[in-house]
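Hi everyone, thanks for coming.

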Amino acid sequence: MSVTASEVREVGTPHGPARVHLLPGDGRGVLLIGHGAGGGVAAPDIVAAAGVAGALGLHVGLVEQPYRVAGRRAPAPAAQLDAAWTAVCADVRGFWEEVPFLVGGRSSGARVACRTAAATGADGVLCLAFPEHPPGRPEKTRAPEIDAVTVPVLVVQGERDPFGRPGPAPGREVVVIRGDHSLKADVAGLRSAVESWLTGVLGGRIP
């Protein structure tokens with residue numbers, strides 16, 4: 001499955017231009033999705049989630065961080081990722097101000113979306129394979145990043161993910177599917193989880 005953007009928009013950020021692949025919907029909401037540390041917006045789980053959101057009528061934006069736009073694979077420091085993401089969110093939200101605004105990402109992108117949820121005014125956060133800790137290092141937890149989010153959160157995690165997974169919490173749904181950190185083994189399960197969560201978060205906006 002692939003998702004074809006109808007517009008590719010460059011957005012200036014404090015750390016160089018980011019790129020947003022926009023797939024306009026019919027106005028039921030907006031969902032921005034960021035990529036993982038070494039990957040891009042064509043990752044299977046990102047494509048699957050974008051397809052579900054688009055089918056439900058959301059405007060979808062797949063966001064490439066400035067370091068990827070510049071052709072680098074090594075990720076920028078967290079503060080730079082967060083600043084660039086926040087700038088993109090502000091730019092895109094300017095187009096669709098009166099609809100629910102959701103953010104998310106896979107792996108590192110999920111961490112960015114969580115850390116900036118308050119700053120971007122997000123109404124919900126979609127985490128695809130949130131990396132709870134580095135493999136084999138559970139003591140180096142990233143739990144505070146997701147625990148700080150006060151809006152509804154969906155975490156979709158592979159059952160064999162070496163990066164661990166967050167536990168459920170008030171306002172946070174955790175769906176465990178077959179597979180590992182890539183989430184490629186059970187795309188149908190991922191789609192089902194994302195569809196159910198989006199329908200619940202958007203309420204009456206989904207027919």
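What you see here is an open sheet of eight strands, in the order β1-β2-β4-β3-β5-β6-β7-β8, with mixed pairing. At its edges stand β1 (7–11) and β8, each with a single partner strand, so one side of each has no neighbour in the sheet. On average, neighbouring strands are turned by 20° against each other, direction ignored.

A word on the source: this is a predicted model, where local features need pLDDT of at least 70 and side-chain atom pairs count only at pLDDT 80 or more, while totals for chains, interfaces and linings use all residues. Residues are numbered from 1 along each chain as its sequence is written, and side-chain values use heavy atoms, leaving out hydrogens and water.

On terms, strands are DSSP runs (E, at least two residues) and helices are too (H or I, at least four), numbered from the N terminus; two strands pair if DSSP finds at least two bridges between them. Angles run from 0 to 180 degrees between N-to-C directions, with axes fitted to C-alpha atoms, for helices over the stretch in contact.

Which strands does β7 join? Four bridges link it in parallel to β6 (residues 124–128), where Leu128 partners Val156. Six bridges join β7 to β8 (residues 172–177), also parallel, and Leu154 partners Glu173 there.
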